[in-house]
Every structure is written in structure tokens, then in C-alpha cells.
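Morning, everyone. One structure today, and I'll keep it brief. Please look at the screen.

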Amino acid sequence: MGLILHRRDVARWADEQRRKGEHITLANGCFDLLHVGHVRYLQGAKALGGKLIVAINSDAGVRGLKGPGRPAMPEQERAEIVASIGCVDAVVLFDEPDVRALIREIRPNVQAKGTDYTRETVPERDAMAAVGGRVEIVGDPKDHSTTELLRQVELLRKLEK
């Protein structure tokens, strides 16, 4: 099981891994209700090599991105579930709307983003360039989403009434 790190400890952990000769890959997302798209994204991120740190949006961050009623699952539970995935080495929660500050703190070699982005549209590409890292697009086509999963559950609930 991957570690769940406090924000104040993640940079130190990344530095320790680098001293051991490891590269650092950073992936991020809400991971509200885990689905196969999340798993494929994380597996693709891990395939880039080194230690995989997954930054998870805090509950407040998810609400800011997805709106009221989200997240469906609390941040500590989301962190525990993501940390239990075999390819994940460490998880950290973050409050900001993007991971620029984390990138400056961790200085990853690679930032992995999902296929709903291109290298040119990744919001943090400037921060990655500033720390000498690169951006890679990984995972399967964006055919899965928590929002769609929640819609399907709601439709099933209505059909049962």
C-alpha cells in the first residue's frame, strides 16, 4: 500500500526517493468515485517510471471544481482507496485549484495528465518547465467519469421508484 503523506512531508519524501536514484512522477485528480479510467490513468503514470505520487483534490477543492454535492466520498477515504492501488507509491491531498505549488515543492521529473488534456493544454506545463520536468499524457480515452457514473446511479434510483 502506498503512503498517505501530509502536505508538509511530501517534498521531503520526494527528496529521499531522489537520493536513492528514483525519478518522481506526479499525477493528480479528484478521484471521487474510483472507476476504470482512474486505474488506467494511474497505471499509465506509473509506466513512465520511478515513484508515483498522486495528488488528490481536497473536499473543498472538489466542490470548487465540480460544484455543490461533490465530492461523493470524503477526502480521507479517497486518499486511502487511491493509496491501496498497487502502482501508487504515495498520496497527498491539496487545496489549490491546480498543482503548480506542489510541482514547485516536489519538483517531479514528470507530470502525468489524462487524455482529456494535450501537452499544450496542461495548466501546469509552465511550472513543470520551470523545475526542468516534462508533461506526458497517459491513460485511456476519456470515456469514463465520476459525473457520468453518478448520473447513471441517479437514473437507476428513479427507475426503482
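Accessible areas here come from the Shrake-Rupley method with a 1.4 Å probe, and for residues only the protein chains shown count as cover. On that basis, the protein chain has an accessible surface of about 8400 Å². Carbon and sulfur atoms hold 51% of that.

Now the ground rules. This is a predicted model: local features need pLDDT of at least 70, side-chain atom pairs count only at pLDDT 80 or more, and totals for chains, interfaces and linings use all residues. Residues are numbered from 1 along each chain as its sequence is written, and side-chain values use heavy atoms, with hydrogens and water left out.

Next, the fold. The protein chain has seven helices and six strands. These are DSSP runs, numbered from the N terminus: helices are H or I with at least four residues, strands are E with at least two. The order from the N terminus is β-α-β-α-β-α-α-β-α-β-α-β-α.

Contact means heavy atoms within 4.5 Å. Of contacts between residues at least 6 apart in sequence, 72% join residues at least 24 apart.

Buried means under 20% relative accessible area, exposed over 50%, partly exposed in between (1.4 Å probe, protein chains only). Of the 161 residues, 45% are buried.

Where is glutamine 111 found? In strand 5, residues 110-113. Buried or exposed? Glutamine 111 is buried, at 0% relative accessible area. Beyond its neighbours within four places in sequence, its contacts include Leu26, Val99, Glu124 and Arg134. With glutamate 124, the glutamine 111 side chain makes a side-chain polar contact at 3.1 Å. That term means a pair of N or O atoms within 3.5 Å; within protein, one must be able to donate a hydrogen and the other to accept it, and residues adjacent in sequence count only if both atoms are side-chain atoms.
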